[in-house]
Amino acid sequence: MEFPLVTLPGTILVPGHVIPLYSHNQHEVAMLKSVVDSPHKTFGVVALRFDQHRHIIASIGTTAEIYSVKNETDEASGISTITVLAQGRQRFELIEYRRTITGVLLGKIRILPDAELGNALYPLQSSAQRRLCCHSDREEDMKVAMDSKGRIISCVRMKPRSKLTRFSNANLTWWPPWVYKMYDTELVMKRIKTALQKWDDKLHPQKLPSDATKLSYWVTQNIPLDDTLKLHLLSINSPIQRLRCALGIMDKCSVFCCQHCNKDITGMSSIFSMSVSGPLSAYVNPGGHVHETVTVHEAHNLSLQGRPSTEHSWFPGYAWTIAQCRHCYSHMGWKFTATRKELQPRKFWGLCRSSLVPGMADLNEGPEQESSWTPVM
Ligand SMILES: [Zn+2]
């Protein structure tokens, strides 16, 4: 398939998540208008970065479907602008691309599949066994006796009558049960949800997607990873492997550092959600620059620049002040302070994902670097 491409520095779109775009570049406005008029309303989003004096484009991207559009034309100058909201749909591999005469990129892409593993032991189970083992991960049962007023007078833990579990039949195969447990959808999702709750105790498991593929994208979107790690997660074609890889990252990472000088900026436990979609969302400024921003309660090693302003604030009722790294003066994000009495929290920080790098226990075990990038023609 061939789609027009939008390249964004420091922003990686994940399926299921929303990206806002604003443009006053007339060729881009015309391109987005033609996408809006097309039946599928879809374009491709690929990340871009500047490295050693040249632009490098990611070889993995996500298709985006426009669901909201606003066109405006300035009467005096005749310049038109466009604001669109688009939702990430499917991951793709960028096979090749060309630049049209107007400078718009057209990419030839291949949609990447999400391969569900399923239950490998299911064909080995008898129907009676399936009935007995439907709650295999519940090791014990509680039997409680109560008096007439509902007070607990006795509580007994019951060992399950049957030792059969969903994994018992693994003994009939070449691999032991623990191998099957490593790739079991239900168990991996449970581990991820437990890890996420340690990270943010207000994050209710019911607010998280119940589908493994959607949960793997939620995690890919909301952990503030650097571009290379995020693209690595997006390049994995199995939701279970993506979740396992995210678990590995969450186990090793507890702090986030300045991308340039590696000073500690914030911790995993400071991250919280200001929007319903999760702690990390994309916002566009009046210049058309998209910032993926993670909201945190606490941040260190930052200094403020200028006065607080409420102009074009992404969080209504909060004034923003530019924040930079105290050591290397790189732009890190903004401090948001409440301007109305009833607002809670009174202050928080919005940090750019592209300015942060996860502080890992051992970076050498991370995925291969540079694999998902190609230089732009
Ligand atoms: Zn720094």
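Visitor: Is Cys-261 buried, partly exposed or exposed, and what is its relative accessible area?

Guide: Buried means under 20% relative accessible area, exposed over 50%, and partly exposed in between (1.4 Å probe, protein chains only). Cys-261 comes out as partly exposed, at 28%, whereas Cys-325 is buried, at 0%. Bear in mind that this is a predicted model, where local features need pLDDT of at least 70, side-chain atom pairs count only at pLDDT 80 or more, and totals for chains, interfaces and linings use all residues. Residues are numbered from 1 along each chain as its sequence is written, and side-chain values use heavy atoms, with hydrogens and water left out.

Visitor: Which residues coordinate the zinc ion?

Guide: Donors are N, O and S atoms within 2.8 Å of the metal (3.2 Å for Na, K and Ca), and since water is not among the atoms, sites may look incomplete. Here the SG atoms of Cys-258, Cys-261, Cys-325 and Cys-328 coordinate the zinc ion at 2.3 Å.

Visitor: Why is the arrangement around the zinc ion called tetrahedral?

Guide: Four donors count as tetrahedral if all angles lie between 85 and 135 degrees. The angles at this zinc ion run from 103 to 119 degrees, so the arrangement is tetrahedral.

Visitor: How are the donor residues spaced in sequence?

Guide: The pattern reads C-x2-C-x63-C-x2-C. Cys-261, in the loop between strand 9 (255-258) and strand 10 (264-267), and Cys-325, in strand 14 (residues 318-325), are 64 residues apart, a pair linking distant parts of the chain. Helices (H or I, at least four residues) and strands (E, at least two) are DSSP runs, numbered from the N terminus. The protein chain has seven helices and 18 strands.

Note on methods: Four donors count as tetrahedral if all angles lie between 85 and 135 degrees; four count as square planar and six as octahedral if opposite donors are over 155 degrees apart and all others between 65 and 115; anything else is irregular.
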